Amino acid sequence: MKYENLKSLILTILVLTSLVLSWNLWTFQPSLDYTSNEKLLRNVEISKTEEPENIIRPSKILYHFDGVHYGTIENQEINRFAKEMKKWSLFDIDPTSTLMDEEEFIPFMHDNGKMEVIFPDEIPLETLRFLIGFTDEEVPNGTVDRILIDIDNQVEKSAPILHLVNYEDRRMYKAKVNNISLSTLKEKFYTPSVIYNEYVSIAAEEDRYIFVPKGPIELPRMNFLTDSINPDEFRDALFNDPSVVTKDQMNVGEVYTDSERFMSVDRTYTQLQYVNTVLPSEANSPDFNVIERGIDFVNDHSGWTDRFQFSRWNVSDADYERVVFQLHVGNYPVMNRDGLTEINQVWRNNEVSSYSRPIYQLGPPINDPQITILPPAEQVARELNGLKNLDMSTVQDIRVGYELKREMDYQGVFILEPVWMYLDNNSWSKVIFTEKDELGGGM
């Protein structure tokens, strides 16, 4: 009997042990294998991050008087006004926009007592939340490219009204605003604006004008040293598992791939191109938050290597959304026909399809700037209207800025050449002056 009892006891212990082991197996949750998904651990910091309000900024502010217009693009003044806007709180935004007649629109926008805060491209109303407070939880789905403030023509003892304007479409949304003092705006911004550059208009279409500084304009021509950024840092940031990425040496750079994504680096042009070939096959769903997504994407790898600002975006009919951030030096945008001054992203179904950008960082100027005098706006208008292959109705913007050139005799040196530039079909070109009375040159 004792032997039978011992057998029963041993059998009971084995059964209980089996149950405990089974329970542990059923309920066990292993810790994440960090080595198999390094992207969960990696925190790649190539340069720095930026808040959206530092990237999405007005490109200019215009102040209209009786037949005379003044404007500013200076960072200090834009920042000062942006701080004022941050105090505002918009509410009771009209759910639908108003279409204005051609005869009424231009006087309404540019008459005496008006201030225009102009953005480089249309932005969704929802995106304005980064710059201005909103009381309304929901805002219309429209896009605007400027804020119009009427300094004098307001109803007493009621909340002031702002107009959120889509200039090209002649559409505007009315919005009431709290925490705004029109008398303060007039005292601190509107009245003192006569010290700014005088602006004149160039007609792009009968009911669309582009305001530019009257000129002539003096700007320094500068040479900069550049620092190259190691493309391996972008490999670590953009690929899910950098350990499986192969790297092939080419004549002018490298190509990285993991069979689903590839990244090419052109060291001659210090440019990177990343393409994600694994994307959902279903039709694209347009995303009105692509500007914010684009900023977050660059922030994820601290990729703001110089001062970039939102430049433009577009939503394709069905295929993709594109957002572009442009290099700025001082108060001015910098253009380059090869794309060396733009961070360019293409999105599809909320995922990055392609990403191109420069992989250099501007260092200090290496010599004394040489002053260049750019011709006046009147001459710019003549040159553009005289171009046979240019339709002025497709010109989106005209600005003073810089063209980035490579110093051919010295590796790693770039030249910033002052230019007049125009945006046509989402591409910047410099204005070529052919008239004998051109004012450009050293001084």
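**Exercise 1. Identify the strands that line the largest pocket of this predicted model, and characterise the lining.**

*Solution.* 
Step 1. Begin with the secondary structure elements. At least two lining residues come from each of β1 (60-64), β5 (114-124), β7 (143-150), β11 (208-213), β17 (308-315) and β24 (395-406).
Step 2. The most is given by β5, which supplies five residues.
Step 3. Locate the centre. The lining comprises 29 residues, and those nearest the centre of the pocket are Pro120, Asp121, Asp145, Glu168 and Gln396.
Step 4. Sort the lining by class. It holds 13 nonpolar, seven polar and nine charged residues.
Step 5. State the volume, which is about 610 Å³.

**Exercise 2. Determine how many cavities of 30 Å³ or more the structure contains, and describe the lining of the largest cavity.**

*Solution.* 
Step 1. Search the whole structure. One cavity reaches 30 Å³ or more.
Step 2. Find the residues around it. Its lining has 17 residues, with Ser59, Pro120, Gln309, His328 and Arg399 closest to the centre.
Step 3. Assign elements. Two or more lining residues come from each of α3 (75-86), β17, β18 (321-329) and β24; β17 gives the most, namely three.
Step 4. Sort by class. Seven lining residues are nonpolar, seven are polar and three are charged.
Step 5. Compare with Exercise 1. Pro120 is among the residues nearest the centre of the largest pocket and also among those closest to the centre of the largest cavity.

**Exercise 3. Describe how helix α6 (residues 231-238) is capped and covered.**

*Solution.* 
Step 1. Examine the N-terminal end. Asparagine 230 caps α6 there, with a side-chain oxygen 3.0 Å from the backbone nitrogen of aspartate 232.
Step 2. List the buried positions. These are Pro231, Asp232, Phe234, Ala237 and Leu238.
Step 3. Recall helix geometry. With 3.6 residues a turn, residues three or four places apart in an α-helix point the same way.
Step 4. Identify the cover. The elements over the buried residues of α6 include β13 (246-249), β14 (253-257), β15 (261-266), β16 (271-276), α7 (290-300) and β21 (351-358).

**Exercise 4. Which residues of the largest nonpolar core touch the most other members, and with what is phenylalanine 81 in contact?**

*Solution.* 
Step 1. Select the residues. In this core of 104 residues, they are Phe81, Trp88, Leu90, Ile149, Ile398 and Trp420.
Step 2. Trace the contacts of phenylalanine 81, setting aside neighbours within four places in sequence. The partners are Ile61, Trp88, Met115, Val117, Ile149, Leu185 and Phe189.
Step 3. Note the separate core. Another core, of eight residues, lies apart from the largest one and includes Met100, Ile106, Met109 and Val165.

Technical notes
Residues numbered from 1 in each chain as written. Predicted model: local features only at pLDDT ≥ 70, side-chain atom pairs only at ≥ 80, totals over all residues. Heavy atoms only, no water. 1 Å grid on protein atoms, 1.4 Å probe; cavity = no way out; pocket = protein on both sides within 12 Å on 5 of 7 lines; lining within 4 Å. Points joined across faces, edges and corners; volume = space filled by probe spheres on them. Helix = DSSP H or I, 4+ residues; strand = E, 2+ residues; numbered from the N terminus. Nonpolar A, V, L, I, M, F, W, Y, C, P; charged D, E, K, R; others polar. Buried < 20%, exposed > 50% of the residue type's maximum accessible area, 1.4 Å probe, protein only. Contact = heavy atoms within 4.5 Å. Polar contact = N/O pair within 3.5 Å; in protein donor to acceptor, adjacent residues only side chain to side chain. Core = buried A, V, L, I, M, F, W, Y, C linked by side-chain atoms within 4.5 Å.
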